[in-house]
Amino acid sequence: MPKQSPIPDAMDKPFWDACNEGRLVIQNCKACNLMQHPPQRDCNSCGSGANLEWKQVSGRGKIYTYGVVYDSPVALLQADQPYNVAIIQLAEDHEVNMLSHLPGVPLDEVPVGATVQVIFEPTQATGQKVPEWKVVS
Ligand SMILES: [Zn+2]
């Protein structure tokens, strides 16, 4: 399904550039040894931006839970309603979550607990690639 095109800014550009290269990178604070997503200026834990780095991760995760969207406020997504929205827990850190429409999974038949692998899909407006997730088991 079509997706919104993010407009990268100075802070999250490394994340989006990596997506275009087929790599998933997550912000990590070297002082706290904690990952966070979505990208932010400062570490959620210590409040400093000085120790943030970009860490490449495996792109593996698990489906934590999901919902079905019947009435999206986003016009671009309304043509595909209803659709799945799953919460993905990253393999490296279950506290780090990303959302997915789980392409290929029938509506409301999301296999909670299944392993997923990141893929990258280009968006219509700019061609910027965005992360999506596919069930692998
Ligand atoms: Zn920190």
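Me: Helices (H or I, at least four residues) and strands (E, at least two) are DSSP runs, numbered from the N terminus. With that in hand, how many helices and strands does the chain have?

Reply: Two helices and eight strands. Going along the sequence, they come in the pattern α-β-β-β-β-α-β-β-β-β. Bear in mind that this is a predicted model, where local features need pLDDT of at least 70 and side-chain atom pairs count only at pLDDT 80 or more, while totals for chains, interfaces and linings use all residues. Residue numbers start from 1 along each chain as its sequence is written.

Me: Why are S6 and S8 called edge strands?

Reply: The open sheet has five strands in the order S6-S5-S4-S7-S8, paired antiparallel. Strand S6 (97-100) and strand S8 (129-135) each have a single partner strand, so one side of each has no neighbour in the sheet. From one strand to the next, the twist averages 40 degrees, with axes being lines fitted to C-alpha atoms, for helices over the stretch in contact, and angles running from 0 to 180 degrees between N-to-C directions.

Me: What is the strand order of the three-stranded open sheet?

Reply: S2-S1-S3, with antiparallel pairing. Strand S2 (34-36) and strand S3 (52-56) are the edges, pairing on one side only. Strand S1 (residues 25-29) is joined to S3 by five bridges, and Cys29 has Leu52 in S3 as its bridge partner.

Me: Why is Lys129 called buried?

Reply: A residue is buried if 20 or more other C-beta atoms lie within 10 Å of its own, exposed if 12 or fewer, and partly exposed in between, with C-beta atoms placed from the backbone. Lys129 has 21 such neighbours, so it counts as buried. Lys129 lies in strand S8. Contact means C-beta atoms, placed from the backbone, within 7 Å; beyond four places in sequence, Lys129 has such contacts with Cys19, Asn20, Phe120, Glu121 and Pro122. Across the chain, 20% of the 137 residues count as buried.

Me: Which residues make up the largest nonpolar core?

Reply: A nonpolar core is a set of buried Ala, Val, Leu, Ile, Met, Phe, Trp, Tyr and Cys residues joined through C-beta atoms within 7 Å. The largest has eleven: Leu24, Ile63, Tyr66, Ala86, Ile88, Leu102, Val105, Val110, Val116, Val118 and Trp133. S4, S5 and strand S7 (115-122) are the elements giving two or more residues to this core. In soluble globular proteins, nonpolar side chains tend to be buried together.

Me: Why is Asn33 called exposed?

Reply: Asn33 has 9 C-beta neighbours inside 10 Å, so it falls in the exposed class. Asn33 sits in the loop between S1 and S2. Its phi is near 55 degrees, positive in a residue other than glycine. Most residues other than glycine have a negative phi, and most peptide bonds are trans.

Me: How do you know that the peptide bond from His37 to Pro38 is cis?

Reply: Its omega is near 0 degrees. Pro38 lies in the loop between S2 and S3. The bond from Gln81 to Pro82 is also cis, with omega near -10 degrees, and Pro82 lies in the loop between helix H2 (75-78) and S5.

How values were computed: Two strands pair if DSSP finds at least two bridges between them. Two residues are in contact if their C-beta atoms, placed from the backbone, lie within 7 Å.
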